[in-house]
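Look over the chain shown here before reading on. Then follow the walk from the whole fold down to single residues.

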Amino acid sequence: YKALLSWKIYHFHDTSPEARVKKAADVDDNRFLQPDARNLAAFLYWMQEKQHDYFVQIERTIRLIAPYFGGFRLDPSRLTPDKIKLEWKEKGNDAYFDAHALSDGTLRFICLATLLLQPDLPQVILLDEPELGLHPAAITLLAELLRLAAEKTQVILATQSVPLVNQFTPDDIFVVDREDGQSVFRHLGSIDLGHWLEDYSLGELWEKNVFGGRP
């Protein structure tokens with residue numbers, strides 16, 4: 001029971017104008033990243049102050065898919081010191097930028113990079129369709145981050161992304177199909193795909209319905 005309580009389920013889908021990740025957060029809400037990243041600014045601020053090497057790594061990773069990103073500008077509000085917003089700077093520009101100035105995909109990638117590169121990972125990370133809104137290059141980088149995190153903890157994700165599936169091997173993947181009113185899980189590593197993989201990627205085989213995983 002204690003182990004199950006440590007699992008964290010993350011959905012970073014909401015990047016609408018009213019999304020909580022774009023609003024001010026409590027500065028002290030920094031013990032862990034919330035499931036919808038509502039405390040992203042506070043969590044990053046804690047790393048900036050107390051885990052600076054991890055903070056710098058996150059900034060460097062973000063620049064790989066957003067070269068214009070100059071870095072975060074994180075400080076408690078001068079008017080309400082117990083609150084903090086996600087603010088950042090653009091290279092060569094002194095204008096004010098906050099989360100509303102980020103594309104949906106870039107904001108989601110920032111959430112994912114923060115989750116997967118933090119110093120103390122949850123015992124199990126559950127991610128639902130983390131590829132939503134991401135550029136193909138960001139999906140490739142996401143796969144690398146997932147592999148790095150999986151060296152330290154258990155990472156489970158549900159995806160419908162052909163480009164993301166292409167980044168993994170059959171041993172990494174379980175295919176889920178609906179049979180007789182229930183979900184049936186099959187380990188892709190148990191299916192002989194050797195001759196197929198000589199000519200096709202995993203994503204292409206999925207599209208051709210070679211191993212299931214249909215709607």
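Predicted model: local features only at pLDDT ≥ 70, side-chain atom pairs only at ≥ 80, totals over all residues.

Residues are numbered from 1 along each chain as its sequence is written, and side-chain values use heavy atoms, with hydrogens and water left out.

Start with the overall layout. The chain holds eight helices and ten strands. Helices here are DSSP runs of H or I with at least four residues, strands are E runs of at least two, and both are numbered from the N terminus. Along the principal axes, the C-alpha atoms fill a box of roughly 60 × 45 × 30 Å. Of the 215 residues, 41% are buried. Buried means under 20% relative accessible area, exposed means over 50%, and partly exposed lies in between (1.4 Å probe, protein chains only). Now take contacts between residues at least 6 apart in sequence: 55% of them join residues at least 24 apart. A contact means heavy atoms within 4.5 Å.

Now turn to a helix pair. Helix α4 covers residues 104–117 and helix α5 covers residues 136–150; their axes come within 9 Å and cross at roughly 20°. That angle makes α4 roughly parallel to α5. The axes are lines fitted to C-alpha atoms, for helices over the stretch in contact, and angles run from 0 to 180 degrees between N-to-C directions. Angles under 35 degrees count as roughly parallel, over 145 as roughly antiparallel, 65 to 115 as roughly perpendicular and the rest as oblique.

Which residues make the contact? From α4 come Phe109, Leu112, Ala113, Leu116 and Leu117. From α5 come Ala138, Leu141, Leu142, Leu145, Leu146 and Ala149. The residues of this contact divide into eleven nonpolar, no polar and no charged. Ala, Val, Leu, Ile, Met, Phe, Trp, Tyr, Cys and Pro count as nonpolar, Asp, Glu, Lys and Arg as charged, and the others, Gly among them, as polar. An α-helix has 3.6 residues a turn, so residues three or four places apart point the same way.

Stay with α5. Its 15 residues should span 21 Å at 1.5 Å a residue, and its end C-alpha atoms are 21 Å apart, which agrees. The expected span is 1.5 Å times one less than the number of residues. The buried residues of α5 are Ala138, Ile139, Leu141, Leu142, Ala143, Leu145, Leu146 and Ala149. What covers them includes α3 (52–65), α4, β7 (124–128), β8 (154–158) and α6 (162–165). Ala150 also lies in α5, but Ala150 is partly exposed, at 43% relative accessible area.

At 36% relative accessibility, Gln57 counts as partly exposed.

Finally, check two backbone angles. Most residues other than glycine have a negative phi. Ala37 has a positive phi, near 60°. Ala37 sits in the loop between β2 (25–26) and α2 (40–50), and is buried, with a relative accessible area of 0%. Glu129 also has a positive phi, of about 45°, although it is not a glycine. Glu129 lies in the loop between β7 and α5. Is Glu129 buried or exposed? Glu129 is buried, with a relative accessible area of 19%.
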